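Dear colleague,

I am handing over the structure we spoke about, and I would be glad if you could look through it before reading my notes.

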Amino acid sequence: MTTAAAFTATATLLMTACGGGDESSPEDIKGAGGGSPSASAPASGGAADVKRPDVSVPPDLKLVFDFEKPSDADEAAALGDAANFIRAMDHGIAQQDPKDPAYQFYSTGGAQKYAKSQIEAWVKDGWTVTGEDRYFNADIEAVGQGDSTLVTFCRNQAKFYSKKVKTGKVSYTDENLDSYQKFSLLMSPSEASEAVWQARQIEVQGRVEECKG
């Protein structure tokens, strides 16, 4: 894993065709999410009074977060909202809306710019997302003396595909090393509510052998 100090600089923005989304709460991290239209459940750590945005996606898109819930409340909240950030990006792609409020709720700084650029690219080319996307092998590391946390996890996008919005035609690809990525998200509590954690920086490494194993 890269050191937490790497996120004091601008994160590297590397991402292939990717996405995913569901609405599981951080208290139900392990498992799969589908395309229910309801809004995401509140995160752990007293967030019941926080109104969270809708991150639902179409029923043909399934996201799997195979994460074990940490015993520490802050770590659980950081990991849960890191997953919500991923969901929010795919919600924006599915909605074809680069200004979608969901990713803005779960991100700031470089991570928010990254999410917007990803959604814009999909919309510009007329693509949306479909299939199944899996995230696993999560790790959490404290950063410095502050409240920030570095969340990392692997991704297998072998069954995750692009779909033309106008025609519905799916672009299928075979599983290969490009299917495996590693995400690193610098997470910290939102200035609006400590119950919500936001992604501040993101790094996505492609063709990661350790995630394939």
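Predicted model: local features only at pLDDT ≥ 70, side-chain atom pairs only at ≥ 80, totals over all residues.

As for the overall layout, the chain has 4 helices and 8 strands, and their order along the sequence follows the pattern β-β-α-α-α-β-β-β-β-β-β-α. The chain has 213 residues, of which 51% count as buried.

Turning to the aromatic residues, a search of the whole structure gives 8 aromatic pairs. Among them is the pair of Phe65 and Phe67, whose ring centres are 5.5 Å apart and whose planes meet at 50°, so that this pair is classed as tilted. Phe65 is buried, with a relative accessible area of 0%, and Phe67 also counts as buried, at 1% relative accessibility.

Another of the aromatic pairs is made by Tyr135 and Phe153, with ring centres 5.6 Å apart and planes at 85°, and this pair is therefore edge-to-face. The two residues link distant parts of the chain, since Tyr135 is in strand 3 (residues 127-142) and Phe153 in strand 4 (residues 149-156), 18 residues apart. Tyr135 is buried at a relative accessible area of 0%, and Phe153 is likewise counted as buried at 0%. Taken together with Phe183, the residues Phe65, Phe67, Tyr135 and Phe153 form one aromatic cluster.

Next come the charged pairs. Side chains of opposite charge can pair when their charged atoms come close, and the structure holds 6 salt bridges, of which I describe some here.

In one of the salt bridges, the side chains of Arg134 and Asp66 meet at 3.3 Å, N to O.

Lys182 forms a salt bridge with Glu210, and here the closest N and O atoms are 3.3 Å apart. Because Lys182 lies in strand 7 and Glu210 in helix 4, the pair ties together parts that are 28 residues apart in sequence. Is Lys182 in this pair buried or exposed? Lys182 is buried, with a relative accessible area of 7%, whereas Glu210 counts as exposed at 52% relative accessibility.

Finally, I would draw your attention to some points in the backbone. Most residues other than glycine have a negative phi, and yet Gln96 has a phi near 55°, a positive value in a residue that is not glycine. Gln96 lies in the loop between helix 1 and helix 2 (101-105), where Gln96 is partly exposed with a relative accessible area of 25%. Asn137 also has a positive phi, of about 55°, although Asn137 is not a glycine, and the place of Asn137 is in strand 3.

Ala138 is found in strand 3 as well, and with a relative accessible area of 33% Ala138 is partly exposed. The C-alpha atom of Ala138 is separated by 7.0 Å from that of Cys154, a residue 16 positions away along the chain.

Technical notes
Residues numbered from 1 in each chain as written. Heavy atoms only, no water. Phe/Tyr/Trp six-rings, centres within 6.5 Å; stacked < 30°, edge-to-face > 60°. Buried < 20%, exposed > 50% of the residue type's maximum accessible area, 1.4 Å probe, protein only. Salt bridge = Lys/Arg side-chain N within 4 Å of Asp/Glu carboxyl O.
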